[in-house]
Amino acid sequence: MPKKIVALAGDGIGPEIMGAGLEVLATVAKKVGFDYVVEEHAFGGAAIDQVGHPLPDQTLVACRTADAILLAAIGAPQYDNAAVRPEQGLLQLRKELGLFANIRPVKIFDSLKDYSPLKAERLDGVDLVMVRELTGGIYFGEHILETDQASDSNTYQVEEIERVVRSAFDLAQKRRKKVTSIDKQNVLATSKLWRKVAEEVGKDYPDVTLEHQLVDSAAMLLITNPSRFDVLVTENLFGDILSDEASVLTGTLGVLPSASHAVAGPSLYEPIHGSAPDIAGQGIANPVSMILSVAMMLEESFDLQVAGKIIRQAVEQTFDKGILTKDLGGSAMTSQMTAHIIEEIERSSL
Ligand SMILES: NC(=O)c1ccc[n+]([C@@H]2O[C@H](COP(=O)([O-])OP(=O)(O)OC[C@H]3O[C@@H](n4cnc5c(N)ncnc54)[C@H](O)[C@@H]3O)[C@@H](O)[C@H]2O)c1
């Protein structure tokens with residue numbers, strides 16, 4: 001039976017890069033014999049325009065019954081002050097599907113080193129993965145805004161911490177076997193619990209080294225010595241901030257994919273960036289973040305390691321030839337970049 005992939009193109013550059021991702025998927029699927037169907041559904045601002053809500057029931061039902069979900073991006077300036085924002089649809093989708101572990105790999109492409117704000121020698125050996133807790137913490141706590149005061153509550157249950165820390169250790173076992181758990185345990189109660197649980201989980205993984213870093217120190221080390229990290233794991237708020245910081249190392253947001261996993265049910269794959277309204281409709285968006293999200297999906301949801309490798313190699317070869325979109329100082333349009341990657345995939349002997 002063909003695997004069902006739900007595609008949520010969303011807003012801004014979303015439809016442009018989703019198109020690129022699906023073209024690449026079709027090419028690699030043909031090469032490796034992967035049988036699938038794509039169902040496209042409205043999400044985000046596009047869904048507000050159609051039915052008045054960013055996550056229509058029909059879209060949620062389709063996602064629940066999918067084998068994997070591809071999301072491009074959501075958000076547009078016209079909704080900034082709207083009663084319901086596109087971003088609320090994304091928070092709801094993550095919660096409904098229980099997508100508690102957000103995995104964001106940051107790897108520096110050799111031929112892109114000069115585009116990073118960091119000196120090239122600082123980037124040697126940078127290959128890290130940020131694991132961010134995605135369905136708990138302060139984003140899902142009570143938010144009270146009064147005239148003269150405001151508060152946001154941050155709550156974590158032991159099991160919420162345990163399952164995401166375990167995901168980080170499982171990942172580290174397949175990599176360089178080091179986990180950095182990030183907290184603010186000198187101040188926050190949630191962080192004290194986080195550290196205690198991380199220590200307990202670590203006992204089940206004697207082959208993996210566990211270190212703890214305070215979030216402020218981790219923020220500094222990500223810039224001064226990023227190659228020291230292998231797998232980082234942290235709570236929702238810290239992870240949101242640190243994963244954007246880590247993404248800067250690559251020189252553009254346009255090359256970074258992510259995966260979000262649940263205990264059971266479909267995973268969701270999406271670029272880490274937003275809908276880039278400033279460049280939407282111009283055909284200049286970098287499609288690589290979406291294309292690498294497709295690679296992650298093939299590897300992690302369908303165990304098609306070779307398919308993922310073919311895509312990664314094709315992206316690298318395209319960069320090596322100096323074919324770059326505008327965010328990397330090049331002149332290739334989204335469609336040209338995608339066509340070059342597809343050519344490399346077709347030529348691949350893997
Ligand atoms: N998961 C998501 O869908 C998601 C994530 C973050 C922000 N957003 C939403 O996206 C909208 C825009 O937010 P923002 O401008 O702060 O962040 P953004 O990530 O959309 O854009 C930041 C900058 O990076 C550039 N950029 C991003 N992706 C690119 C790509 N693939 N190729 C070339 N350049 C790229 C943009 O042009 C912009 O200059 C907002 O509505 C925000 O809420 C959505």
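Reader: In the hairpin of S11 and S12, which residue takes a positive phi?
Author: Glycine 265 does, with a phi near 100°, and the hairpin has five residues between its two strands. Strands here are DSSP runs of E with at least two residues, while helices are runs of H or I with at least four, and both are numbered from the N terminus. Please keep in mind that this is a predicted model, in which local features need pLDDT of at least 70 and side-chain atom pairs count only at pLDDT 80 or more, although totals for chains, interfaces and linings use all residues. Residues are numbered from 1 along each chain as its sequence is written.

Reader: OK, and how many bridges are there between S11 and S12?
Author: There are four, and the two strands pair in the antiparallel sense, where pairing requires that DSSP finds at least two bridges between them. Proline 257, for instance, has proline 271 in S12 as its bridge partner.

Reader: What about S4, how does that one run relative to S11?
Author: Strand S4, residues 101-107, runs antiparallel to S11 and is joined to it by three bridges, and alanine 101 stands opposite histidine 261 of S11.

Reader: Which strand runs parallel to S12?
Author: That is strand S3, residues 68-73, which is joined to S12 by three bridges, and isoleucine 69 has leucine 268 as its bridge partner there.

Reader: Zooming out, what order do the strands of the sheet have?
Author: The sheet is open, with 10 strands in the order S2-S1-S3-S12-S11-S4-S5-S10-S8-S9, and its pairing is mixed. Strands S2 (36-40) and S9 (209-214) stand at the edges with a single partner strand each, so one side of each has no neighbour in the sheet.

Reader: Switching to helices, which residues of H10 are buried?
Author: They are Ala307, Gly308, Ile310, Ile311, Ala314, Val315, Thr318 and Phe319. Seen down the helix axis, these buried residues fall within an arc of 165°, so they line one face of H10; the arc is taken from the directions between the axis and the C-beta atoms.

Reader: And what follows H10?
Author: Glycine 322 follows H10, and its phi is positive, near 80°.

Conventions:
Buried ≥ 20, exposed ≤ 12 C-beta atoms within 10 Å, placed from the backbone.
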